[in-house]
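Here is a quick walk through one structure, from its ligand shell out to a few loop residues. Have the sequence and the 3D view open as you read.

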Amino acid sequence: MLFNCFFAYLDRIFFLNINIWNFSFQSFFKEYAEIFLIKVVLTHPLRTIRGFRKYRRFIRGHKYEKYVLIPDEYSFLSRIKRQRVKPLVGLGFCLKPDNSEKSSSCPSGRANHDCLYLKRGKTEQVCSSCAIHKIAAKCLDIGCKVYIMTSAQDIARDFLIPQLKSKKFPSVILLLCPYSIQAIILPLIICDVDMLLLAYESGYCRDYQQWRAADKGKKEERTEISKESWERLLDLLEKSTGVKSEFQSFRREGNIFYPK
Ligand code: SF4
């Protein structure tokens with residue numbers, strides 16, 4: 001408790017221009033931190049140091065309650081056009097509808113990477129109220145990959161480490177809770193991923209305990225994004241892709257759905 005207060009204080013004063021002191025302290029010996037330490041930090045020490053410097057420059061005096069765009073919009077879009085790799089769109093499983101009545105819950109279950117629409121192009125009535133359906137339909141329209149995010153461990157395995165190895169995911173648009181946004185900026189920068197991070201407006205985790213429970217699949221509230229975030233998301237998706245694509249459905253590779 002004393003240590004928690006101490007590290008939370010370091011976060012509040014942005015000590016050394018870092019504000020993930022408390023998150024890092026609480027992450028000691030957790031499986032996601034071990035994977036990141038072994039596969040990223042120890043395997044790529046120079047890249048880690050460069051990423052850490054860049055992170056500190058960004059964090060200095062930066063407020064990022066609702067959204068983060070790194071680098072600026074022009075550079076974000078230029079890299080997509082130059083490399084011809086459209087962004088990966090990551091959506092939290094907590095966006096899925098969940099209700100005591102089965103007919104108004106996600107038919108694919110909740111804390112997993114699955115979605116009936118992404119998998120088979122089918123929907124049930126409940127899908128019409130699901131943000132994942134709306135965003136995935138847009139992604140299909142313009143040819144972006146979709147990933148339903150569950151745990152930090154899976155995020156590291158599914159796209160951070162593949163990006164380090166083969167530059168498969170140079171840019172991402174992620175919908176996250178404000179607490180996760182703080183924690184994911186540094187890993188994304190180290191792995192050389194350009195990012196638009198949008199914070200949920202309601203239903204999100206507010207501290208490490210809630211975040212950790214959700215990381216293990218225990219999350220009752222359903223998250224939502226604001227109208228402003230919707231507009232920002234759609235705007236950047238449109239600008240990222242330019243012309244319309246001719247994709248009909250998704251194919252799954254690992255936990256990621258690719259338009260085909
Ligand atoms: S669109 Fe996918 S995630 Fe949403 S309710 Fe339907 S099956 Fe579940």
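## Around the ligand

Sorted by class, the ligand's shell holds 10 nonpolar residues, three polar ones and one charged one. Here Ala, Val, Leu, Ile, Met, Phe, Trp, Tyr, Cys and Pro count as nonpolar, Asp, Glu, Lys and Arg as charged, and the others, Gly among them, as polar. Keep in mind that this is a predicted model: local features need pLDDT of at least 70, side-chain atom pairs count only at pLDDT 80 or more, and totals for chains, interfaces and linings use all residues. Residue numbers start from 1 along each chain, as its sequence is written.

Which residues sit closest to the ligand? They are Cys106, Cys115, Cys127, Cys130 and His133, out of 14 residues that surround it. A residue belongs to this surrounding set if its C-beta atom, placed from the backbone, lies within 6 Å of the molecule. Two helices, H6 (116-120) and H7 (131-142), each supply at least two residues of the shell. Helices (H or I, at least four residues) and strands (E, at least two) are DSSP runs, numbered from the N terminus.

## The overall fold

The protein chain has 11 helices and seven strands. Its C-alpha trace spans about 50 × 45 × 35 Å along the principal axes. The radius of gyration is 18 Å, which agrees with the value near 18 Å for a compact globule of 260 residues. That radius is taken over C-alpha atoms, and the globule rule is 2.2 Å times the number of residues to the power 0.38.

Buried residues account for 37% of the 260 residues in the protein chain. A residue is buried if 20 or more other C-beta atoms lie within 10 Å of its own, exposed if 12 or fewer, and partly exposed in between, with C-beta atoms placed from the backbone. As for contacts in the protein chain with a separation of 6 or more, 66% involve residues 24 or more positions apart. Two residues are in contact if their C-beta atoms, placed from the backbone, lie within 7 Å.

In soluble globular proteins, nonpolar side chains tend to be buried together. In this model, the largest nonpolar core has 69 residues, and Leu91, Ile132, Ala136 and Val146 have the most contacts inside it. Helix H9 (residues 178-190) gives the most to this core, with seven residues. Such a core is a set of buried Ala, Val, Leu, Ile, Met, Phe, Trp, Tyr and Cys residues joined through C-beta atoms within 7 Å.

What does Val146 touch? Leaving out residues up to four places away in sequence, the list is Val89, Leu91, Leu118, Ala136, Cys139, Phe250 and Phe257.

## One side of H10

Helix H10 (residues 208-215) has Trp211, Ala214 and Asp215 buried. These cover an arc of only 105° around the axis, so they lie on the same side of H10; the arc is that of the directions from the helix axis to the C-beta atoms. The cover over the buried residues of H10 includes helix H8 (152-166) and H9. After H10 comes Gly217, with a positive phi near 95°.

The loop between H10 and H11 holds Thr223, which is buried, with 23 other C-beta atoms within 10 Å. Thr223 and Gly203 are 20 residues apart in sequence, but their C-alpha atoms are 4.3 Å apart. Not counting residues up to four places away in sequence, Thr223 touches several residues, including Gly92, Cys94, Cys177 and Tyr200. In helix H11 (residues 227-241) you'll find Ser229, which is partly exposed with 18 other C-beta atoms within 10 Å.

A cis peptide bond joins Ile70 and Pro71, with omega about -5°. Pro71 is in the loop between strand E1 (67-70) and helix H5 (73-83).

Next, the positive phi values. Arg84, a residue other than glycine, has phi near 55° and lies in the loop between H5 and strand E2 (88-92). Is Arg84 buried or exposed? Arg84 counts as exposed, because it has 6 C-beta neighbours inside 10 Å. Asp192 is not a glycine either, yet its phi is positive, about 60°. Asp192 lies in the loop between H9 and strand E5 (194-199) and counts as partly exposed, with 17 C-beta neighbours inside 10 Å.
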